[in-house]
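Subject: The structure to look at

Hi,

Here is the structure I promised to pass on. Have a look at it first, and then read my notes below.

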Amino acid sequence: MRIARGLTAAFDPRPSSWAIVGTAALVGLLLAFLPIGAAIDRTLSAARFALVPQVASGKVVVVEMDAQSARAIKRWPWSRAHYAAVVDHLRRAGASAIVFDVDFSSSADSPGDTAFAAALERSAGLVALPTFGQSANSADQRTIDALPLAMFRAPVALASVSIQPDTDGQVRAMPFGTVTAGVPRPSLSAYIAQTSGTVNVGFPIDMSIDPATIPRLSFIDVRNGTFDPARVRGRAVLIGATAVEMGDRYATPLWGVIPGVVVQAMAAETLLRGVPVNGSAAVPFLLAFLIVAGVVRLRSAALFATVAVALILVSGAALLAQHALLVTYPLAAALGMLTFAGCACGIREVAGRFRDQRMIDAATGLPNGLSLAAERFDSAECTLVVVHLANYDSLVAVLGSRPSGDVLLRIADRLALVASGNRVYRAADRQLAFVLPQDEPVDDTLDGLRAILLQAVEVSGRKVDVAVALGVATGASTAIERLLADAALAAEQALQGGGFWRRSVADDGGLERSISLMGELDTALVEGGIEVFYQPKYDVRTARITSTEALVRWRHATRGFIGPDLFIPLAEKTNRIAPLTLHVLRTVVRDLSGWRTAHGAVTAAVNISANLLSDAAFNAEVERILGTSDVPATALVFEVTESAAMSDPTSAIAALKRYRALGIALSMDDYGTGQSTLTYLKQLPLNELKIDRSFVQHAHVNRADGVLVRSTIELAHDLGLKVVAEGVEDQACLDFLKTCGCDVIQGYFISRPLPLPQLLALLADPSTLAA
């Protein structure tokens with residue numbers, strides 16, 4: 001298993017992601033309904049048109065009342081005889097329609113008016129004249145309708161020339177029609193394109209049409225008949241002022257200020273391509289919302305690239321809809337959402353990187369002590385393990401800083417095997433730390449870890465031995481810094497004492513001061529919270545399991561597994577060890593009764609506390625349990641520690657002789673750690689010796705330990721005792737013990753402690769044994 005070198009991930013569904021999504025949606029709604037959104041869309045409209053430039057169709061020709069014509073005619077207002085001549089020339093040239101964007105609502109010179117009326121009669125309905133509404137004056141905002149003189153109306157169509165700029169003064173839309181003098185009239189553009197629509201409902205003008213591509217003729221050339229008739233044949237002709245001095249000019253998003261007649265021509269060109277509509281802001285809003293919901297989960301480069309692509313895709317889709325489907329969707333809300341989400345995620349990313357830099361060990365990429373202190377755990381209590389590298393300075397001196405960091409990573413990889421998904425932290429230069437899963441027994445887990453950490457670490461093609469000592473502290477998960485300090489101190493104490501791991505003294509004191517813990521033990525005994533696991537003992541000569549050791553486990557409802565090294569000393573101090581041991585004995589006798597049919601030769605060992613050897617009530621209850629059971633006493637082994645036997649030899653010898661008389665086999669546990677003499681050893685009615693793991697686990701590599709183990713085996717055999725070696729954790733150790741003539745081995749290399757169902761499965765199929 002490989003430990004990640006950082007805390008970042010490609011996919012990170014964090015609560016802040018949903019906050020960004022919600023805020024982005026709010027931004028989108030505000031832009032969709034507030035004036036600022038409309039202002040942004042107006043600003044964007046020029047770019048939307050500029051990206052897809054188009055050429056006019058040529059079906060509309062503008063006859064310009066331009067500066068050239070003004071110079072030639074000179075007098076303003078022009079006599080309408082000039083308009084009459086233009087109508088006659090255009091009619092004869094074959095124009096399909098002649099549409100004026102010129103005010104004919106008042107009289108001019110009488111001969112000119114008469115000539116123009118006659119020309120209109122001759123056009124036989126080919127001409128359309130404008131109507132419009134205007135304010136009465138600056139103080140009176142009522143609208144006065146302006147229609148052509150009555151003498152001009154009969155043979156012509158009437159169309160509206162009303163143009164309504166947006167609030168910023170720019171023209172972007174044209175109505176299909178307006179009402180003048182109480183009559184609905186089509187706009188000039190709708191009339192030219194022969195398109196129907198709803199009065200006072202506008203359509204967006206396609207500003208991508210380049211006004212310079214609209215065909216144009218000078219008014220004076222048409223009046224004089226000096227133009228090519230082919231340029232107007234079959235086309236609609238729109239006549240209006242383009243000279244600056246004549247006014248009638250409007251601002252547009254892309255083309256600046258242009259004449260009103262050109263705006264009318266562009267509107268007509270728009271309708272000739274199809275009827276455009278304004279789409280709902282909900283469509284791009286929903287699209288952007290879906291994109292934001294996905295984007296906020298991304299990190300680093302993928303995030304920014306995706307936001308950029310999303311902006312391009314949404315804009316591209318809007319352009320496609322606008323120019324291919326003739327649907328113009330407002331983009332302010334969608335682009336605002338995407339921009340906000342990108343910026344918010346970017347800020348979060350930068351802040352996260354600064355935070356991660358503080359929370360990450362630069363040399364290894366592992367989370368550091370600050371990260372551990374900031375961790376939030378599901379349970380109220382947790383068990384913290386600190387791994388102290390005793391020879392770290394030597395590793396740095398030999399390997400250098402970077403390879404030493406690789407050593408830490410290799411060790412962290414191994415620790416992750418027992419951390420079960422919890423992260424491994426570099427708490428200090430020479431210390432790693434991790435939190436044990438709540439449902440794992442501390443002693444079983446760390447005993448199993450011992451074998452893993454004993455193996456050499458390979459770095460840069462060379463193998464190095466790493467000397468480690470572990471410290472354990474259990475307490476409130478909200479006080480990680482205190483637990484870290486306690487566990488680190490315990491690790492140093494384990495190193496100084498020559499042990500592999502040690503529990504923090506603060507743990508013992510804290511739990512001992514707990515008023516309720518031993519009361520909870522009584523409840524656990526009644527309700528089944530105290531469990532019995534069995535660790536197999538492997539007979540070297542017969543190559544099979546011949547016995548087991550019963551080990552007590554407390555699965556606490558809120559604390560998880562409480563190690564026996566914690567609650568057994570407390571039980572001894574509070575006189576609760578007797579009921580606990582009797583509970584274990586009853587469980588073992590019951591389990592023995594169950595497995596004897598298939599595995600009758602397999603015995604079970606029970607640990608007996610020193611406090612109980614001279615307890616008459618306890619010994620009487622032991623005899624009662626055995627007397628009421630079908631399990632023979634010979635199926636049991638009582639294990640007594642060497643220090644217990646030697647603290648009061650007289651009482652111990654008497655109690656052990658009573659057990660032996662019942663048929664119970666006796667074993668001296670942890671031999672070698674006390675101060676026994678050969679005299680006492682000869683006097684005790686023992687059947688076997690158990691050599692303590694502190695001597696066994698390194699006996700195959702440590703000469704002094706090897707001599708002690710070999711001599712102890714020889715001594716025990718000379719005294720007629722069987723020898724059990726505990727703490728066997730690899731094949732090399734097993735091979736050494738075989739050469740020494742050891743009888744039975746016990747340790748994680750054979751099996752860790754197992755609940756009864758797993759033990760029975762192992763007994764039924766011993767091929768799964770490592771040995």
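Predicted model: local features only at pLDDT ≥ 70, side-chain atom pairs only at ≥ 80, totals over all residues.

Residues are numbered from 1 along each chain as its sequence is written, and side-chain values use heavy atoms, with hydrogens and water left out.

**More on the salt bridges**

Side chains of opposite charge can pair when their charged atoms come close. A search of the whole structure turns up 23 salt bridges. By the way, helices (H or I, at least four residues) and strands (E, at least two) are DSSP runs, numbered from the N terminus. Both Glu639 and Lys537 are buried. Buried means under 20% relative accessible area, exposed means over 50%, and partly exposed is in between (1.4 Å probe, protein chains only).

Next, find Arg450 and Glu729, whose closest N and O atoms are 3.0 Å apart in a salt bridge. Arg450 sits in helix H16 (residues 442–454) and Glu729 in the loop between strand E30 (722–726) and helix H28 (731–740), so this pair ties together parts that are 279 residues apart in sequence. Arg450 counts as buried because its relative accessibility is 5%, and Glu729 is buried too, at 7%.

For a local pair, go to Asp486 and Arg482: their salt bridge has its closest N and O atoms 2.7 Å apart. Both lie in helix H17 (residues 480–496), 4 residues apart, which is about one turn of the helix. Asp486 is buried, with a relative accessible area of 15%, whereas Arg482 is partly exposed at 41%.

**Strands and sheets**

There's an open sheet of 5 strands, in the order E17-E18-E16-E21-E22, with mixed pairing. (Two strands pair if DSSP finds at least two bridges between them.) The edge strands are E17 (424–428) and E22 (501–503), each pairing on one side only. Inside this sheet, E16 (residues 381–389) and E21 (residues 468–476) pair in the antiparallel sense over 9 bridges. Leu389 has Val468 as its bridge partner in E21.

Back at strand E22, you'll find Arg503. At 7% relative accessibility, Arg503 counts as buried. The side chain of Arg503 makes a polar contact with the side chain of Thr474, at 3.1 Å. A polar contact is a pair of N or O atoms within 3.5 Å; within protein, one must be able to donate a hydrogen and the other to accept it, and residues adjacent in sequence count only if both atoms are side-chain atoms.

Now for strand E26 (residues 603–607): 4 of its 5 residues are buried, so the strand is largely enclosed by the rest of the structure. Strand E24 (residues 544–556) pairs with E26 in the parallel sense over 3 bridges, and Glu549 has Ala605 as its bridge partner in E26. E26 and E27 also run parallel, joined by 4 bridges. Here Asn607 stands opposite Glu639 in E27.

Most residues other than glycine have a negative phi, and most peptide bonds are trans. What kind of peptide bond joins Trp76 and Pro77? A cis one, with omega about 0°. Pro77 is in the loop between helix H3 (67–73) and helix H4 (80–93).

Ala124 has a positive phi of about 55° although it is not a glycine. Ala124 lies in the loop between helix H5 (110–123) and strand E3 (127–135), and is exposed, with a relative accessible area of 68%. Leu326 also has a positive phi, near 60°. You'll find Leu326 in the loop between helix H11 (300–324) and strand E15 (327–328).

Happy looking!

Methods. Salt bridge = Lys/Arg side-chain N within 4 Å of Asp/Glu carboxyl O.
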